[in-house]
Amino acid sequence: KGPMIINLMAVKYLIDSGVQFNKRIRLFVGGAEETTFECIYKYSKNEEAPKYAYTPDSTFPVTYAEKGILVFDYEAGEKIDFKLICDGAYNAVADITYYEGKKIEEVASEMEKQGYKYEVKDNKVYSYGVSAHAMETQRGVNAITRLANAMDIVGETCTLVDILANQIGEEKYGESIVGIVEDEVCGKLTFNVGNCFIE
């Protein structure tokens, strides 16, 4: 990503300029940020913790505040005979998910009526949205909530599908769940469903 390249070039510039470092410099690039953290666990198991560290994240010249991320699992314990699956990142608006069940034609028909982007293949209805970082949910279109809406309308539903369709829906800030939460530094709290396994 951009910040990684910028930091590599900054260190090269310092070296080329003759700067003598009195500390070891390491660039640590992880591949599971804000998801499963295997990279951090592996590094911590085999290497010492840094004396000083920072994270070059997203905006120039520095990100000085960041919204927290709350990840949780919701289990309703209901018996259902369908699936709604999205194996997306927690910190991104879901751009693809699928339904598998007995009402493929009805769900697809409702997706069409609603004007949602979808595709039927391999006995599944795929819903397509627009990915965006969870800090800017207003830039994305959530494939999970759109598919849940179509499912709920045709009666292929359960408690979680109902919540996704009727309480969250197309909202970007979670106002129906938590109200509008906003401050001067971070702006509005954003709300995102990035991952879903109903089966």
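Helices are DSSP runs of H or I with at least four residues, numbered from the N terminus. The legends below refer to a predicted model.

View 1. Helix H3 spans residues 104-114, and its buried residues are Ile 104, Val 107, Ala 108, Glu 110 and Met 111. Seen down the axis of H3, these residues fall within an arc of 160°, so they line one face of the helix. An α-helix has 3.6 residues a turn, so residues three or four places apart point the same way. The face turned away from the buried side of H3 carries the exposed residues Glu 105, Glu 112 and Lys 113. After H3 comes Gly 115, with a positive phi near 80°.

**View 2. The cover over the buried residues of H3.** Among the elements that cover these residues are strands S2 (96-100), S3 (117-121) and S4 (124-128). Helix H4 (143-153) also belongs to this cover.

**View 3. The hairpin of strands S3 and S4.** The two strands pair in the antiparallel sense over five bridges. Lys 121 has Lys 124, in S4, as its bridge partner. Two residues lie between the strands of the hairpin, where Asp 122 takes a positive phi near 55°.

**View 4. Cysteines of the model.** The structure holds zero disulfides. Cys 196 is in no disulfide, and the nearest cysteine sulfur, that of Cys 86, lies 7.4 Å away; a disulfide would require the two sulfur atoms to be within 2.5 Å. Cys 196 is buried, with a relative accessible area of 5%. Cys 39 counts as buried because its relative accessibility is 18%, and the cut-off for buried is under 20%.

Technical notes: Residues are numbered from 1 along each chain as its sequence is written. This is a predicted model: local features need pLDDT of at least 70, side-chain atom pairs count only at pLDDT 80 or more; totals for chains, interfaces and linings use all residues. Side-chain values use heavy atoms; hydrogens and water are left out. Buried means under 20% relative accessible area, exposed over 50%, partly exposed in between (1.4 Å probe, protein chains only). The arc is that of the directions from the helix axis to the C-beta atoms. Contact means heavy atoms within 4.5 Å. Two strands pair if DSSP finds at least two bridges between them.
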